[in-house]
Amino acid sequence: MAALALLVLILVLVNYLASQFPARLDLTKENIYTLSDGTRSMLGKIEEPVVLQFYFSRSLESLPIRFKNYATRVEEMLRQYVSASGGRVTLRVIDPQPDTDEETAARRAGVTPQTLPTGEPIYFGLVAIQADQEANIAFFSPNREPFLEYDVSQLIHSVQQFDKPRLGLVSGLPLRGQMPMGMMPGQQPQPDQLVLSQWSSAFEIVDVDESAEELPANLDVLAVIHPQNIGESLLFAIDQHLLAGRPLIVAVDPSSYFFKGQQRQNMMMMGQPQQGVTSDLPRLFSSWGIEYNASEVVGDLDLATSVQTGGGITSFPVWLSLRKEQLAAEVLPTSSLNTMLMIEPGSIAVAEDRGYEVTPLVQSTPRSGTVAGMMLSFTPPAEIARQIKSGGAAKNLAVMVRGSFKSAFPEGKPATTTSTDSEDADAADSASTEGSPALAESTAPGTLVVVSDTDWLLDDFSVRRMNFLGMQAVEPLNDNLSFASNVVDFLGGSQDLITIRGKGSAQRTFTVIREMETAAQERYQAELEGLEQRRNEIQQEIQKLQTQQADGRVLIASPEVSQALERYRVQEAELRTSIRQIRLSLREGIESLQNRLTVLNALVVPLVVVALGCVMLVGRNRRQKSSSAK
Amino acid sequence: MSSVCTLFKREFFGYFRSPVAYVVLVGFHGLATLLAFFVSRLLKGNEASLAAFFQWMPWLFVVLVPAAGMRLWAEERRAGTIELLFTLPVTTTSAVIAKFLAAWAFISIAVLLTLPFAFTVAYLGDPDWGIIWSSYVGSILMAASYLGICSLASALTRNQVVAFIIGLAVCLMLTFLGLNVVSDLMNTFLPYWVVDAVSNFSFYTHFESMTRGLIDLRAVVFFLSLAVITLLANVIVLEH
């Protein structure tokens, strides 16, 4: 008995010891439980020790199991950070009981509890402390599980930053508030566009004039918005910025609604057209392998925006109201967004032979096509809709490209047109001084985000301003500004962290069944289009008959009209039946495939086992009989 | 060592000389098919993974393993062949190990007979094979600890039915411990650290991480240590 008791004791002891040495093997394809190289590299650069305080109300009685499991995952992840940091990161796990010092500390550190249906608060957050810097994740939402590693790495990275990162801004679009012409004394200047205040919360914005010769030094991110008249030298500086491995955001536009409006005003006031409706960076794009046509605008019948105009509600097929399905779910800048609005955007393609890692961030639907930007001003929306020829493939409206880029200036820095004794050039802390040679190719992988519209950045298309009890209040119309700040935050963070991708969110579906569904859909799509066309024809026919009738001033339906309507009804019914049959046969096809597979699984193995059994048992009986006969 | 090998062969092939083994294999497969394809509707979920199937594995084992393990010693005791066995030049320990390994191999075959499920899912989509293999490894390791318990139960009695029932009861209890309802229930009258410690002795908790594609040292140690300890107890029981 004593021996058995000893065995139980050994069992408990061995398992207790094993629990002290977390070691594991991650067999998943995407290594979802393993820290990525980006995080390891970031941890390797920590100089001062970082303390992580993980607050979780583990002892709460009514704790939902969803939180308990996720907290275990989070804690294991944090322990991996500790072991990968080589002692530079330490972890304290704290269970803040109600009305204790720990609870007060949690609240003071910014960890905000969520209230359970039972009324009890649950703390589930993280605080990172380095010297006097402190940052927190107020609450770990299980919905953000795919981005857990990014969030924690970003937090640890943020406490090591003492200065705000610098965002260079080269903009041909007036994002800064302008002095209105003929301003009266005492009149308020126009405020900046809200996107700037979004960006300035996390970045120090450094404005760069389009006519500048060089970029200021030490820019962490550069944004080039609606480039108009950028000189050779600045183009060279932008090129070198990307090639040096620093992130770049470019927003170009085949048809700037803002400048079209200005143009109309100027035409009226002074009778002169204004430039600036389209923007492009042809020289840089062609060497970087970015294909973009500044004269083509993307229209999409599925994403058309309804706009209140003088003549009622009109549907604008080139104003794209983008839904969640059009925004990439597995990458951070777009994962949490729901809607966006882009005004007359273009499309971007990336050369396939460059070996880039290409991530489309925003895409149109496959029912999109292009129209010439020139046409938009004098073509009614309905006519534009008719002109859109669907290419059957979704178009990229915003895309992230990562890889090694080739310089647009392989022969080095272009000769400057202005004399070098210009005071600006001297004063500017030049990023590419005479001493440093021009890069012909990326020295470190660079990240480039290209967006094919610029109007989305403006307040007019992103927020609604309201006057609330004499206070100006702003309400977002869509997630345009979130996209702007997400992209800049993402790119401006640690370059190690850019490589961290969302994990475990990729759903693995039955591709065979999906292909069957798509094939069937294509079939009835063709039928549907046929039906639509037939309906139009008949409508035209009826209209023609009716105009003929109107001439004769007969108001009752003539036999011809009735016949045409009848013919149409019969045909419509036939087509609807055939669509129904395609759907039915698809469902039957899928079901019969599933049934066949189920039956195969249920029968084959048992039959093989029984057959083998028979062979074994009968053979054995024979041998026994023959040996007993002897 | 060689005696273990010889005994293992005798025991392992012994299974296939009786029709009962085939019935158990077909029964296990039938039950697995029923749970995976009809209860969990593996093919209707449009998800290329076997998670819907592996969630049943502990429950399948609760039935299969006691059935495979009940005769290990009870049968020898009843038929009186146990004395005969110990007249052979083998130690109790090697006999226990050999019988255990034979039964483990038999159960592993039963588990691997469900591999066509994985091929079916791979035919329809692109599953993460890492997760599938880790689930199979987890299943086979978990089978070892279930079997250790059932082998011990079988050594305690000469009646196979009693051995089956003891094995089933203990396995069921150790499976249940990890379920939320049970830990919630325990939470009402036990401090949470006791509940956590008790939950850590559940098959479910350890197996669950393996079905997510994670082979955790703690889970491997848990399953193997439980098997080793129950086999040591088995030896002690037989020798007394």
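## Helix α1 of chain B

Helix α1 of chain B covers residues 2-15; its 14 residues reach 20 Å from the first C-alpha to the last, close to the 20 Å expected at 1.5 Å a residue. That expected span is 1.5 Å times one less than the number of residues in the helix. Helices (H or I, at least four residues) and strands (E, at least two) are DSSP runs, numbered from the N terminus.

The buried residues of α1(B) are Ser3(B), Val4(B), Leu7(B), Glu11(B), Phe12(B) and Tyr15(B). Seen down the axis of the helix, the buried residues of α1(B) fall within an arc of 150°, so they line one face; the arc is that of the directions from the helix axis to the C-beta atoms. On the other side of α1(B), Ser2(B) and Thr6(B) are exposed. Buried means under 20% relative accessible area, exposed over 50%, and partly exposed in between (1.4 Å probe, protein chains only). The cover over the buried residues of α1(B) includes α2 (19-39), α4, α5 (71-79), α6 (81-87) and α7 (92-112) of chain B.

## Basis of the description

This is a predicted model, in which local features need pLDDT of at least 70 and side-chain atom pairs count only at pLDDT 80 or more, while totals for chains, interfaces and linings use all residues. Residues are numbered from 1 along each chain as its sequence is written, chains are lettered from A and ligands numbered from 1 in the order in which they are written, and side-chain values use heavy atoms, with hydrogens and water left out.

## Chain B as a whole

The secondary structure of chain B comes to 14 helices and 1 strand. Of the 240 residues in chain B, 53% are buried. Among the contacts in chain B with a separation of 6 or more, 76% are between residues 24 or more positions apart; contact means heavy atoms within 4.5 Å.

## Two loop residues of chain B

Trp56(B) is placed in the loop between α3 (51-54) and α4 (57-69) of chain B. Trp56(B) counts as partly exposed because its relative accessibility is 23%. Not counting residues up to four places away in sequence, Trp56(B) touches Leu35(B), Val39(B) and Ser40(B). The C-alpha atom of Trp56(B) is separated by 7.9 Å from that of Ala36(B), although the two residues are 20 residues apart along the chain. A polar atom of the Trp56(B) side chain lies 3.4 Å from the backbone oxygen of Ala52(B).

Arg41(B) is found in the loop between α2 and α3 of chain B. Phi of Arg41(B) is near 50°, a positive value in a residue other than glycine. With 45% relative accessibility, Arg41(B) counts as partly exposed.

## An open sheet in chain A

Chain A holds an open sheet of 4 strands in the order β3-β2-β6-β7, with mixed pairing. The edges are formed by β3 (89-94) and β7 (133-137) of chain A, each with a single partner strand, so one side of each is left without a neighbour in the sheet. Neighbouring strands of this sheet are turned by 15° against each other on average, direction ignored.

Strand β6 (residues 124-130) of chain A pairs with β7(A) in the antiparallel sense over 5 bridges; two strands pair if DSSP finds at least two bridges between them. Ala128(A) has Ala135(A) as its bridge partner in β7(A). Helix α5 (residues 148-158) of chain A packs on the sheet and touches β2 (50-56), β6 and β7 of chain A, with its direction at about 165° to that of β7(A). Axes are lines fitted to C-alpha atoms, for helices over the stretch in contact, and angles run from 0 to 180 degrees between N-to-C directions.

## Strands β10 and β11 of chain A

Strand β10 (residues 221-225) of chain A runs parallel to β11(A), and 4 bridges join them. The bridge partner of Val224(A) in β11(A) is Val250(A). In a regular strand the side chains alternate between the two faces of the sheet. Both faces of β11 (residues 248-251) of chain A are covered: Leu248(A) and Val250(A) on one side and Ile249(A) and Ala251(A) on the other are all buried.

Thr39(A) lies in helix α2 (residues 37-44) of chain A and counts as buried at 0% relative accessibility. Its side chain is joined to that of Ser153(A) by a polar contact of 2.9 Å. A polar contact is a pair of N or O atoms within 3.5 Å; within protein, one must be able to donate a hydrogen and the other to accept it, and residues adjacent in sequence count only if both atoms are side-chain atoms. Leaving aside neighbours within four places in sequence, Thr39(A) is in contact with Tyr81(A), Glu149(A), Ser153(A) and Ile500(A).

Asn218(A) is placed in the loop between β9 (204-208) and β10 of chain A. Phi of Asn218(A) is near 55°, a positive value in a residue other than glycine. Asn218(A) counts as exposed, at 59% relative accessibility.
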